[in-house]
Amino acid sequence: MSVIIKENNIFILETPNTHYVFGVDKYGLNRHLHWGEKCDADDYFFEYIGDENSNHSMLDEYKQELTVFGSTMYRECGVKAQFPDGCREISLKYDGFETDENSLCLKFSDKAYPLELKLNYQLYDETDIISRWISLKNTGKETIRFEKIASAEFSLPGIEPYTFENTNGSWGGEFLKTETLLNGGSAVFESRKGGSSHNNTPQFIAYRSADEKSGEVFFASLAYSGNFKVSASRDLYGITRAVIGINDFDFEYSLGSGEIFETPKVYCGRADGFGEMSRQMNSFAVKHILPRQFADKPLPVLYNAWEAVFFDVNCENQTALAKLAAEMGVELFVMDDGWFGQRKNDWAGLGDWYVNKEKFPNGLGELINAVNSLGMDFGIWVEPEMVNADSDLFRSHPDWAYHYDTRQASELRHQLVLNMTLPEVQEYIFSVIDNLLSENNIKYVKWDMNRSFSETGAQNLENPKMLWYLHIKAVYDIVDRLKKKHPDVAFESCASGGGRADLGALSHFDQIWTSDNTDAVDRMAIQKGFSMLHPIKAMRAWVTDLYHDSKPSPLPFRFNIAMQGALGIGGNLLKYSEEDLKICRENITLYKEIRDIVQFGDLYRILDIDKDDVLMNNYVSPDKSKSVVFIASDGTKHFKKRMPLRFEGLDKTKRYTFSFDGKTYEKSGAYLSEVGIQAYIRGAYYNRIIIIDEKKKGE
């Protein structure tokens, strides 16, 4: 890993397999030169580009690391500002660079105004992934207002069209893949709801003729949980560009005298095939993105009591559920909604984070002690950013919710959004959760957010369009403060499922609630979408009962799917038969044996449920001495009988042993990869888990 500096201000970011090359030309303009396989470092240079005619200037054809608004540059820009005298253009001059072995900063300033702009790059050992972000500083005395601040711009190599993969999901259907062939014009993927959303995802995956194993793939993922925008375009010259960052929808940022603004980071890379891309990002996120407290520790098997009792929570039924959960081998018992205030349904109590004395007359300590005595840690659910109109908090502070005095507040799920830009709101949320954690032996907090923003009035802000950014910044700040004071507490990000499931959340939270949809059949597609650019370790996956519009899949089949992430249980154990409880015990025992491979290993997506009628995923330990293969199908079509199963990711020079369908095999990694074994896969809810071990010498 190194930063190579050539003459004529050309910079090469060299990773194990890639050169990322850019620089500053003789006009002082930032120029992008190459992203791809390594070349001779001495060969890079700036090609002269002149104006074509009065309608197509040289700037139209420039590939840049960052396009600023102004001059004869008309394409999607990355930064747009208004200076105090009304000028709305930025004109930059190059001021030099700063570097060390693994980082680079290019420094610019406006030619007439007190604005400094920096392009920042960070390299990481043993990976092709690079992080990028922009820094802005107001060196003057008057405020500068920004209408747009993106984190990075990318110019993709070649002139052939790219296909852009993103998601087109919904609540209960997050991370569903969509593909857009960009022949010309623009494609936009965005969120405008206050969170990173259940719909599009703050990322892009761009490729031509790629699949799981091969083909050049370029990707970038934004570490931000608020409104985002990914804008991709292909112009008349065949140049494909993408700009990614905070959404400029209803956005402004006022940068005061001496203030600095740093954009959220973008993590970008290049890979040969989607599988290698996912494995890069999975490993990278565990090493460099997830909070350090729990990043290298396996997540525990949890039980969440929501589906068992919903709002009818009390010490007695929670204790009864905890006893059953402990007998199954659960390690973390979580009490969900309904324990606080006057919370009997979703109409009331939200915001009143004190223990309901009717449900818990002796406080939470009685339940927590019971849970701890059973050998489990205790966790709890909160939704701090929201408030019900029927709550003590709202009656005392109706002005604490986003609102306009002249508009009727919209209630979604009977709740309003607290104005997180108010310091007093931030302190209230921190203090009530801090007290909860200080007074009780709680080891896990599920932080939920169940609605989108509306009536976004924030009278406390001189520039109310800053609220979108300041809100999510406040969430990050509060969680960081709580984690610093309570370092043994793990936090999970939830937003009606996967409405805040992004690398920004994972920079502050330890895990993600992927979707409220726990149906095993639907989860096959949801979890595949999550795995593309997110770490498997952080993907919470539950085994639940038939909930929402679930298909009636057998309990072992549900375990097969949920064990491919961080396993949780969410069914009503009080109604489980002895046989059901036995199945749970056996599968939890199995998961504990394989979870290190699932949570920290390399994922190889071998068969796709939508294309192949069968899901087959192989998780391989880093040293390739062990793997676990999950095979599942909700029903093969057209009387398919036998099919070859080929196992990827194994060391071709090693020999492996495993059992499958009553047979014991001993084969080389090469044989298992190239030839494989025959499997009879037919019928509804086929379910197999294969554990493959390296055969040691002398065995």
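**Charged side chains in a predicted model**

Let me begin with K229, which is buried, because its relative accessible area is 16% and buried means under 20%. Please keep in mind throughout that what we are looking at is a predicted model.

Which residue does K229 form a salt bridge with? The partner is E76, and the closest N and O atoms of the two are 3.4 Å apart. This pair links distant parts of the chain, since K229 sits in strand β16, residues 228-234, while E76 is found in the loop between α1 (58-61) and β5 (79-82), 153 residues apart. E76, for its part, counts as partly exposed, at 28% relative accessibility.

In one of them D95 pairs with K93, with 2.9 Å between the closest N and O atoms; here D95 counts as partly exposed at 35% relative accessibility, and K93 counts as partly exposed at 36%. In the other, the side chains of R241 and D235 meet, N to O, at 2.9 Å, and R241 counts as buried, because its relative accessibility is 4%. Salt bridges can also share partners, and in this way E76, K148, K229 and D248 are joined into one network.

Finally, let us turn to the surface, where D100, E101, D125 and E126 gather in a patch of negative charge. Is E101, one of these residues, buried or exposed? It counts as exposed, because its relative accessibility is 59% and exposed means over 50%. You will find E101 in the loop between β6 (92-100) and β7 (103-110).

Methods. Residues numbered from 1 in each chain as written. Predicted model: local features only at pLDDT ≥ 70, side-chain atom pairs only at ≥ 80, totals over all residues. Heavy atoms only, no water. Patch = residues over 30% accessible without salt bridge, like charges linked within 9 Å, V, L, I, M, F, W, Y side chains within 5 Å. Areas by Shrake-Rupley, 256 points an atom, 1.4 Å probe, with all protein chains shown as cover. Salt bridge = Lys/Arg side-chain N within 4 Å of Asp/Glu carboxyl O. Lys, Arg positive; Asp, Glu negative; His and termini not counted. Charge placed at Lys NZ, Arg CZ, Asp CG, Glu CD. Helix = DSSP H or I, 4+ residues; strand = E, 2+ residues; numbered from the N terminus. Buried < 20%, exposed > 50% of the residue type's maximum accessible area, 1.4 Å probe, protein only.
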